[in-house]
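I opened this structure for the first time and kept notes on what I looked up. The entries follow the order in which I worked.

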Amino acid sequence: MTKYVTTPIYYVNDVPHIGHAYTTILCDMFKRYQVLKGNECVLLTGTDEHGQKIENSAKLKQKSTQEYADEISFKFQNLWNNFGIAYDYFVRTTDKYHDIGVKYAFEEMYRNGDIYKGHYEGNYCISCETFFTKRQLVDEFFCPDCGKETTPLKEESYFFRLSKYENKLLEWYKENPNIILPLHKKNEIIKFIEGGLSDLSITRSGFKWGISLPPFVNDDKHIIYVWLDALLSYITPLGFGNDNLNKMYFFNDATHFVGKDILRFHAIYWPAFLMSLNLPLPKKIYAHGWWTRDGAKMSKSVGNVINPEEIANTYGLENMRYFLIREVPFGQDGDFSRKALIERSNSELSDTLGNLLSRLLGMGEKYFNLTIESNNFDYLKNEIDEVAIIIESLEYYMENMMPNRYLEELWKIFNIANLSITKYAPWDMMKEQKVDDVATLLVFVANILAKGSLLLYPILPNSSKEIMKSLGVDFSHYNKIILDNELINTFKLTKIPPLFPKIEKPAIETNINKINLKDEINIKQFDKIDIRVGKILEAKRIEKSNNLLVLNIDFGESIGTRQIVSGIANFYKPENINGVLACAIINLKPSKIMGVLSQGMILTTEDSKGNLSLLSVYSNTELGSKIG
Ligand code: MSP
């Protein structure tokens, strides 16, 4: 059966960032893993272009909403093309077939008795495009998911009878306990359903940027809620509501990759919509964690967003792919650090893998003119057995969405190869005329690289092919050397340039300086920033965060005390900064960082290695003094 894998479709209110690249690369990895195993797999990605958030962003840029959506959607498409993402569908929610499919779905649900008209009263977070009841809000006004201020809403609305599907959803999860990974995320979803599902408002009025209701409803005041519209994009390109496209059977074996923030939509609303439409339900929903920067959420307004294209251009696309997949266990949050990326690249990709190939090619050329042969591996039996056990364990890690463990284990076979070169010292064996033993060792190393390069294909598709080319192997060897665990006896090697050149420091520093230059502003714009001197009264670590401190800062009588969250925990012990006169922006919109309210931003310097240092005032200035 063909497998079907989807990325979330990305909002076009902003250009692609490292979080988007992460989800997309994971899906690309999933597809390539299936292809490697001989399965057919179809990958869908796309852009989510309707809703109030997009309409507002376009207005801000003084562009028509469609023009704006086109521009950003192309940016996503171009980026995935440049990254060589093997997608088969790129859906846009402004595509005509999608409009037809969404209207059809609304009609089907309506005719099945799952839609009724009522009134919605509650709050709406435009940033998350989500409805919240008063009870769910933080400090009466703020979105529990993103921390931004919500808008009170009271409007006529059509509702989907989500409550009707409460038990059906619970039964489904009981019968299929492994749909959501990681498992603890599934437990959160089940708890949420058990807490009771209210019917879901699925239309909006008051703005126009969305799909209108199907003509039979005869109501042009409403447009379809952006999440119903967006979720349906997983099936409209396959022909849902539109027979011409005729690929709905792909949906019989669907896997959705999502960030943890949008799991609820995929694990509750989506299956309920599918139940209402009598369609198959997804087979897997994989929820990954978030990339943060110095422990804080990346956001355009803070200016700490990581641009994936810049990272790929600076360090190499495959180095970035490797880092994203290897650094953090799937499902957990991770801090994006250039330093960590460079360290992993230099030690694991250059020193272990790249160097292993160079050693093989170097000795293969020097001792055997690039043709190596052997059919008796007796003296390497232990090493061969060890490699076989590791390779056999790998499937488990990929099938259970633990790709970081998959890589960790895979690297053990490269280590075995490197260690056996050191242990048996072929240069000494040559001096002792043990030519056959040297050939055997090199053929063994070449086999490890052959097996390893095939198994690396999902994560490093280009390097994997380069290695295969230099060894003279290809995908047709998969059954023999992976499934049947056999060894190849003869290799005709081809020399190739070093695969992962070390990343040198100067390159890093110049690039950091380049990207940190921000757009020019005028004095009026600068004047809007209110920077003051405040005394740190108390600093505490935030539980579950490695990088964050919450600071209580006194800005003097007229301003008072503020609570500010800052990503400086790796650089300062809380007890060492009590009493420091710090500088902080105090008119930044309050936000929640890891659930903790932050009412401003402490100023720090950041050097090229990512070290932070507090900006401080040394004379005894009055608290609340202006900086500017
Ligand atoms: N449009 C919706 C999805 C609709 S799917 C039917 C949406 N779009 S998004 O552009 O805001 O986010 C898309 C994905 O990017 C989400 O899975 C989200 O978790 C992921 N990421 C956004 N920022 C991220 C990080 N900083 N780190 C990792 N992934 C994050 O939600």
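**Entry 1: ground rules.** I am working with a predicted model, in which local features need pLDDT of at least 70, side-chain atom pairs count only at pLDDT 80 or more, and totals for chains, interfaces and linings use all residues. I number residues from 1 along each chain as its sequence is written, and side-chain values use heavy atoms, with hydrogens and water left out.

**Entry 2: the whole chain.** I looked up the secondary structure and found 19 helices and 28 strands in the protein chain. These are DSSP runs numbered from the N terminus, helices being H or I of at least four residues and strands E of at least two. The radius of gyration is 28 Å, close to the 25 Å of the globule rule for 628 residues, so the chain is as compact as a globular protein of that length. That radius is taken over C-alpha atoms, and the rule is 2.2 Å times the number of residues to the power 0.38. I noted a C-alpha trace spanning about 85 × 75 × 45 Å along its principal axes. Of the 628 residues, 56% count as buried; buried means under 20% relative accessible area, exposed over 50%, and partly exposed in between, with a 1.4 Å probe and protein chains only.

**Entry 3: the ligand.** Which residues are closest to the ligand? I found 21 residues around the ligand, the closest being Ile-9, Asp-48, Gly-259, Asp-261 and Trp-291; a residue is listed if one of its heavy atoms lies within 4 Å. I then checked polar contacts, meaning pairs of N or O atoms within 3.5 Å; within protein, one must be able to donate a hydrogen and the other to accept it, and residues adjacent in sequence count only if both atoms are side-chain atoms. A backbone N or O atom of Gly-259 is 2.8 Å from a ligand oxygen. The side chain of His-17 has an N or O atom 3.5 Å from a ligand nitrogen, and a polar side-chain atom of Trp-290 is 3.5 Å from a ligand oxygen. The protein covers 94% of the 660 Å² of accessible area that the ligand has on its own, by the Shrake-Rupley method with a 1.4 Å probe. Two or more shell residues come from each of β2 (10-11), α1 (18-36), α7 (226-231) and β12 (254-259). The largest share, 3 residues, is from α7.

**Entry 4: Thr-150.** Is Thr-150 buried or exposed? At 8% relative accessibility, Thr-150 counts as buried. I located Thr-150 in the loop between β6 (130-132) and β7 (151-160). The side chain of Thr-150 makes a polar contact with that of Asn-123 at 3.0 Å, and a polar atom of the Thr-150 side chain lies 2.6 Å from the backbone oxygen of Phe-141.

Entry 5: Most residues other than glycine have a negative phi, and most peptide bonds are trans. I found a cis peptide bond between Leu-181 and Pro-182, with omega about -5 degrees. Pro-182 sits in the loop between β8 (180-181) and α6 (183-194). Leu-370, not a glycine, has a positive phi of about 75 degrees and is buried at 17% relative accessible area. Met-401 also has a positive phi, near 50 degrees; Met-401 lies in the loop between α12 (381-399) and α13 (403-424) and is buried at 3% relative accessibility.
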